[in-house]
Amino acid sequence: MSAPRPTRVGDIMDVQFPSIDGLATVAEALSLMRRHGVDALVVNRRDETDEAGLALLSDIAREVIGPNRSPERVNVYEIMNKPALTLPADMLARYAVRLLTRFQLSHAVVVDPDRNPVGLVTVRNLVLGPEPAA
């Protein structure tokens with residue numbers, strides 16, 4: 001009998017994740033979040049030397065809604081987290097949990113060897129593990 005295969009970030013990540021350009025408005029980001037039922041958007045890299053960013057609903061609440069700024073007049077790049085924490089898909093889930101909790105983060109972008117985003121993972125995904133097969 002073989003030991004169970006350890007869970008890796010790639011086993012748990014959301015492979016369908018919405019992304020947005022940093023020049024988009026927060027109003028556009030909120031619309032995209034509503035449409036996809038998510039609380040985070042990956043902010044696209046401008047080029048291969050750039051890093052991915054993350055726009056979180058909590059950032060929008062703290063930086064735009066709370067201070068009563070207009071979502072139509074604030075760009076995503078003004079409130080996003082950049083560089084976002086990135087993880088390789090083959091990292092063990094237990095190490096990813098340690099890393100996110102150490103830095104008090106809720107989300108990380110999963111990247112391929114060329115640093116292109118291939119998924120999004122949350123502490124929730126990592127702790128609860130993969131969805132059981134139906």
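Here are some questions and answers about charged side chains in this structure.

This is a predicted model, where local features need pLDDT of at least 70, side-chain atom pairs count only at pLDDT 80 or more, and totals for chains, interfaces and linings use all residues. Residues are numbered from 1 along each chain as its sequence is written, and side-chain values use heavy atoms, leaving out hydrogens and water.

Q: Why is the contact between Asp50 and Arg46 called a salt bridge?
A: A salt bridge is a side-chain nitrogen of Lys or Arg within 4 Å of a carboxyl oxygen of Asp or Glu. Here the N to O distance is 3.7 Å, so the pair qualifies.

Q: How do you know whether Asp50 is buried or exposed?
A: Buried means under 20% relative accessible area, exposed over 50%, and partly exposed in between (1.4 Å probe, protein chains only). Asp50 has 8%, so Asp50 counts as buried.

Q: What makes Arg46 exposed?
A: Its relative accessible area is 70%, so Arg46 is exposed.

Q: Why is Lys82 called partly exposed?
A: Lys82 has 31% relative accessibility, so Lys82 falls in the partly exposed class. Lys82 also forms a salt bridge with Asp50, at 2.8 Å from N to O.

Q: What makes Arg115 and Glu51 a salt bridge?
A: Their N to O distance is 2.7 Å, so the pair meets the cut-off.

Q: Which residues do salt bridges with shared partners join into one network?
A: They are Arg46, Asp50 and Lys82.
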